[in-house]
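Hi everyone, thanks for coming along.

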Number of protein chains: 2
Amino acid sequence: MYQTTKRTRLGRLPERGVYDRETVHAILDEGFVCHVGFVVDGQPYVIPTGYVRAGETLYLHGSTGSRLGLRPGDQVCVTVTLIDGIVLARAAFHHSFQYRSAVVLGRTRLVADPEEKDAALHALVEHIVPGRSAEIRPGDGSELAATAVLAVPLEEVSAKVRTGPPKDDEEDYALPIWAGVLPLTLTPGEPEPDPRLDLAIPVPSYVAAWERRSPALRQTAG
Amino acid sequence: MYQTTKRTRLGRLPERGVYDRETVHAILDEGFVCHVGFVVDGQPYVIPTGYVRAGETLYLHGSTGSRLGLRPGDQVCVTVTLIDGIVLARAAFHHSFQYRSAVVLGRTRLVADPEEKDAALHALVEHIVPGRSAEIRPGDGSELAATAVLAVPLEEVSAKVRTGPPKDDEEDYALPIWAGVLPLTLTPGEPEPDPRLDLAIPVPSYVAAWERRSPALRQTAG
């Protein structure tokens with residue numbers, strides 16, 4: 001369990017709050033794009049970027065020229081949101097999303113050690129497209145120098161999960177209105193080869209069979 | 001065109017920056033979950049929530065008990081990200097996402113006028129599930145009171161778009177590595193009726209045929 005703090009305890013719908021490591025890790029491992037919030041001159045900025053979890057560390061992909069990459073040591077909030085569906089209740093008020101989200105608060109650390117940085121970038125590619133990292137040309141010195149990797153420790157963490165059917169007011173269940181959940185999933189289409197690709201090179205199986213949710217997760221979440 | 005400011009001008013990959021209203025509106029109208037960043041005691045928070053655009057105003061769904069709902073007038077950053085695919089290059093460094101994102105900076109205004117609030121909530125439901133708002137039981141007084149709607153003007157706005165095939169270094173094109181784009185779309189599954197639903201009530205066509213991208217958009221974006 002992650003210890004709750006004043007900053008991670010949910011004020012709103014606390015029954016949806018989840019703090020166990022297993023659930024938090026599962027959310028972070030299924031997602032691959034996070035939204036990072038940071039503050040410059042009192043103004044919050046929120047930018048999407050790729051990430052990977054390694055143990056109790058989150059590695060964020062950045063660029064040395066970006067606002068985020070330029071400011072290691074900043075307080076950040078990293079949020080990962082998985083939208084699993086739309087919850088259609090009989091009452092407007094009870095409409096909702098089926099979702100799982102994780103929120104990580106902490107300070108970024110610029111990953112300077114070349115070995116840690118290399119391992120993090122390798123893990124990042126492998127997290128997003130398992131099987132890919134063994135095939136590609138690894139980064140050279142100048143590419144690694146142009147990439148900023150930021151680490152955020154998984155210490156102050158919370159998750160929020162909504163599952164199950166709509167919850168309407170008792171008197172509304174008699175209304176002749178369809179209610180239920182429309183499930184949503186991020187689905188891969190047909191891989192589109194680079195126009196400059198030698199077409200003798202087949203689509204790798206890890207691309208053709210890419211899917212985000214593990215069979216285990218599908219089972220648990222229905 | 002939205003006027004660029006020091007805060008919305010892209011430092012990183014400026015060629016991906018887009019400021020025309022049409023593109024920004026299209027991104028905001030296709031998405032339905034945004035990530036809102038705000039600051040409390042120097043700590044940024046990023047939370048997902050539903051939203052709708054009406055003209056040059058973004059309406060965010062909140063709750064009066066949430067950190068966000070409690071703090072109208074705050075500086076926020078509202079980011080909407082659409083992930084269209086994974087870009088698989090020959091070099092690790094050139095891997096990327098196909099994406100369209102919009103970033104709105106501004107101050108929230110608590111929507112207090114009952115008519116504006118009602119219209120915004122109606123538009124919100126209709127934005128997420130077109131056709132739904134005519135069928136459901138509208139919010140009553142106490143439900144409306146428990147819902148916070150925050151408005152953010154579309155004034156300081158930027159978008160970032162990546163399309164097209166991977167861009168590798170010239171010497172890498174000869175490598176025997178598959179390269180291309182794996183397209184991703186948010187796809188609806190079979191609607192799951194509420195276990196308490198009278199099964200004589202059929203799935204409405206606006207649920208069965210729900211899709212996010214308009215045919216026009218599909219055509220443009222391939």
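Let's begin in the loop between β2 (33–40) and β3 (43–54) of chain B, where Asp41(B) has its place. Strands here are DSSP runs of E with at least two residues, helices are runs of H or I with at least four residues, and both are numbered from the N terminus. The phi angle of Asp41(B) is near 50°, a positive value in a residue other than glycine. Is Asp41(B) buried or exposed? Asp41(B) counts as exposed, because it has 7 C-beta neighbours inside 10 Å. For the cut-offs, a residue is buried if 20 or more other C-beta atoms lie within 10 Å of its own, exposed if 12 or fewer, and partly exposed in between, with C-beta atoms placed from the backbone.

A word on what you are looking at: this is a predicted model, in which local features need pLDDT of at least 70, side-chain atom pairs count only at pLDDT 80 or more, and totals for chains, interfaces and linings use all residues. Residues are numbered from 1 along each chain as its sequence is written, while chains are lettered from A and ligands numbered from 1 in the order in which they are written.

Now hop over to chain A. Asp41(A) lies in the loop between β2 and β3 of chain A, and its phi is near 50°, again positive in a residue other than glycine. Asp41(A) is exposed, with 7 other C-beta atoms within 10 Å.

How are the two chains related? A rotation of 180° with 0.0 Å of shift along its axis superposes chain A on chain B, with an RMSD of 0.0 Å. The two copies are thus related as by a two-fold rotation axis. Which residue of chain A comes closest to the rotation axis? That is Leu186(A), whose C-alpha is at 2.2 Å.

On to the interface. Here 78 residues of chain A are in contact with 78 residues of chain B, where contact means that the C-beta atoms, placed from the backbone, lie within 7 Å. On the chain A side, β10(A) gives the most, with nine residues. That side divides into 47 nonpolar, 19 polar and 12 charged residues. Nonpolar covers Ala, Val, Leu, Ile, Met, Phe, Trp, Tyr, Cys and Pro, charged covers Asp, Glu, Lys and Arg, and the others, Gly among them, are polar. Because 100% of the interface residues of chain A are also interface residues in chain B, the copies meet through the same surface.

One last stop: Asp29(B), in helix α1 (residues 21–30) of chain B. Asp29(B) is partly exposed, with 15 other C-beta atoms within 10 Å. Its C-alpha is separated by 9.3 Å from that of Arg212(B), 183 residues apart along the chain.

Note on methods:
Two residues are in contact if their C-beta atoms, placed from the backbone, lie within 7 Å. Copies are superposed by least squares on the C-alpha atoms of residues with pLDDT of at least 70 in both.
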